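This briefing covers the structure shown here. Two topics are taken in turn.

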Amino acid sequence: MTDKYTQFVSRGFGKDIAKRLGLPQPVVLRRHQPGEPLVRGPVLVQGSGGGADELAAALLSWDLDVRRHAVPREKLGAIILVLDEAARPEDLEKPVLAAAASLRDLAANARVVTVSRAAAGAPGPAAAAARQGVDGLLRSLAKELRAGATANGIVLADGAGTTSPSALGALRFFLSGRSAFVDGQFLTVSTTAGQQPADAEKPLAGKVAVVTGAARGIGAAIARTLHRDGATVVVVDIPAAGDHLATVANEVHGTALQLDISREDAGARIIGHAVERHGRLDIVIHNAGITRDKLLANMDQGRWNSVIAVNIAAQLRINEALLASEHFRDAPRIVSVASTSGIAGNRGQTNYAASKGGVIGMVRATAPLLAAHGGSINAVAPGFIETEMTARIPFATREVARRLNSLQQGGRPGDVAEAIAFLASDAAGGISGEVLRVCGQNLVGA
Amino acid sequence: MPVNGTSSTGPTAAAGSAAAPQLRRAVVVGGNRIPFARTGGAYTKSSNQDMLTAALDGLIARFGLQDERIGEVAAGAVLKHSRDFNLTREAVLGSALSAETPAYDVQQACATGLETVLGLANKIKLGQIDSAIAGGVDSASDAPIAVSEGLREILLDLNRAKTLPQRLQVLSRLRPKDLAPDAPNTGEPRTGLSMGEHQALTTAQWKITREAQDELAYNSHRNLAAAYDAGFFDDLLTPYRGLSKDSNLRADTTPEKLAGLKPVFGKNLGAAATMTAGNSTPLTDGASTVLLASEDWADAHDLPKLATVLDGEAAAVDFVHGKDGLLMAPAFAVPRLLARHGLSFADIDFFEIHEAFAGTVLSTLAAWEDEEFCRTRLGLDGALGSVDRAKLNVNGSSLAAGHPFAATGGRIVATLAKMLHAKGQVDGRPARGLISICAAGGQGVVAILEAH
């Protein structure tokens, strides 16, 4: 549900008051609904190189209204700013200022997507400066946009081009309502691996996916989203949560596996269930996690150990089993749920942040191991998400927390699930070892 | 099973004549139950239909049966509201199964659950259906309360009365005592004795000591607690209303604690009174389900085949005239079933003898060890034999788990099937388990399962 304040200031009297008083003006975000168009309105592609031309041509095949030149005062659904050929900082000026002239014509919930090259592989200091410059540009632009519009960037590593499968996959994700709560973020396309789905509405058709911690909240939303995208879903949670788990399993037409993931044999049990009951295993979503908050000065062994055991040690052990299994060799995908706490830190969450930072380290180090099988592993770091857990935060604290981002509202469990579903799809096959924040560009942290 | 009862020819009877149809195997795919709750506890506000639906939905979730049209679902309850005449079908309609799944109710007292398994397994064996869900449920908390017999007659007459004077005349028959409700009880209609009082007589007759009963109760709690600790029930049980373990389980009970309890049944027996709340099952609420299938159906659905339902047998005793104890019918059914398959106790790897009371189990075991009883009452040459206690109720039974009457059969079948599957082969033959359940009315139903 959209929070009450957002509903109030989204129309009529409330909208008027918020404007006069300079109050935050969050809007109801455009979220993906099956059958809805990818973008509402024309898509303007700015940039002059061959990469931009190829990209514009690719977009035409998606039945989008693609423009290479802006028509003043015509509402735009998206601006794609292709900067892949920028060799010096000065090269940014022309396309960036051309795009700037169209910013006021962006429709509500519009999208800006930059496409640039990775600074790490730059041929020299000037090229690196131009490429890294896009980072600051994009993050600042995201903070400038209003009315639910977001700005995100695609970074191409050496070898990847503007029309590599995962560059197009990431572009589709950023343009769509699936990325509603992703703002000011970059995804790096490291290889030309991956492929576009045969059916854009069912990108996970034929896949078997396991979701841990699926009995409620974000995990249940992930299960629903993977099911909507065509996957057969195995939902996993601790035996004590079995009743909620059964409800989710029956809703998504999947199977329930009551299992404590910190058990020694959890990986084998997960693989066994998926293979015996559904014939294969393609996707594992490590979502299960617990919090045992306490200031470090007051931390005890039980709180510290339980969080480490469930949030990161279990994922490592299950991944070992997956990597060793012959059943996880056909373009396997792993997506882990990290947290902005693991990036930016959070008072009272040293144990949790250590575990979630650990997830990020694990994901980066596991990516090369999965590459051998055409697989990928990524993490999603949620910011403030409206769940049963955050609903228990005291009102004032919660109200501040949910406004402290560029979209001035909390995300929904489904927003996290959308990012995960994208990273679990073959369209994201060329993206691995990445951490994607789903935080509405939280003002805290990197 | 009167048909089987008439043939005392032994092991080949099941094969029948040459004209008999080739029987398929009926396999146990798995089960699901909700934790059993002591009456007045977590499920006080849950109806039989609520609990049976929850148990079904957990089973559906475990095996991915959403929108599946199951061949037939059979379940039942012992304590049943008159409005629940179609209890099982209503539960199916409220579940995630296809609404095109037919269902029927069974009621055979505490044997209800096991009888649903046997009846449905027979249909599968005959090829009438390919899949089935057997189950049972009972709530002693949400028990039906009827109006008194006097009030009921007055209300029916009132309904038939046509004029005001007639109606007033009928109403004038109403007396204060008619307003007292008629609550259900576990008393036997023909003797007026409660089940516990009946068993107290049997317990005394077989000279079962207090210590032996307390030891059996202690083992039940210890075994059930150990099974929970080992995660044994992780794929047999789905939590319900905040309960994730049987609320009657006392993992910390000791023989000393059990020895300290006062007798509650057979108090008129004086020093011979041995039955306490600790070695008798409490009133319990709960539900259980078992998924049965033909081998082909299980394979086609990529489902496990834990055990086959080999055969079953029912028996009844004349407890009214005191010939046998109320709960002793399984003592007669088991030897008949074993004989039909040419088996002895040595061929059984797990004994699941329902613990209505510790005294029931021990009286039955004593009867089988008693040469006189086995010769005169069972028609055997000598004692049937001793049950190896190490094979008896190894993951706990009703004394610890509780006993929602009709739900006990499903609990035992699913538990035993899992144990048999894990055991696999014994001496080159499939592991075998014997189930024995006593029931009100002097009845008993027993069955044999084999590892698949």
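The model is predicted.

**Domains of chain A**
- The domain assignment divides chain A into domain 1 (1-28), domain 2 (31-189) and domain 3 (208-438).
- Between domain 2 of chain A and domain 3 of chain A, the C-alpha centres are 29 Å apart.
- Their contact involves 25 residues from domain 2 of chain A and 18 residues from domain 3 of chain A.
- On the side of domain 2 of chain A that touches domain 3 of chain A, two or more residues each come from helix H5 (125-144), helix H6 (165-175) and strand S6 (186-189) of chain A.
- H6(A) gives the most to that side of domain 2 of chain A, with six residues.
- Sorted by class, that side of domain 2 of chain A holds eleven nonpolar, nine polar and five charged residues.

**The seven-stranded sheet**
- Seven strands of chain A form an open sheet with parallel pairing, in the order S9-S8-S7-S10-S11-S12-S13.
- Strand S9 (255-258) and strand S13 (435-438) of chain A each have a single partner strand, so each is an edge strand with one side lacking a neighbour in the sheet.
- From one strand to the next, the twist averages 20°.

**Strands S12 and S13, and helix H12**
- Four bridges join strand S12 (residues 376-382) of chain A to S13(A) in the parallel sense.
- Ala381(A) lies opposite Arg437(A) of S13(A).
- Helix H12 (residues 350-371) of chain A packs on the sheet and touches strand S11 (333-337), S12 and S13 of chain A.
- The direction of helix H12 of chain A makes about 160° with that of S12(A).

Methods
Residues numbered from 1 in each chain as written. Chains lettered and ligands numbered in written order. Predicted model: local features only at pLDDT ≥ 70, side-chain atom pairs only at ≥ 80, totals over all residues. Pairing = 2+ DSSP bridges. Axes fitted to C-alpha atoms, helices over the stretch in contact; angles between N-to-C directions. Contact = placed C-beta atoms within 7 Å. Domains from an automatic or database assignment. Nonpolar A, V, L, I, M, F, W, Y, C, P; charged D, E, K, R; others polar.
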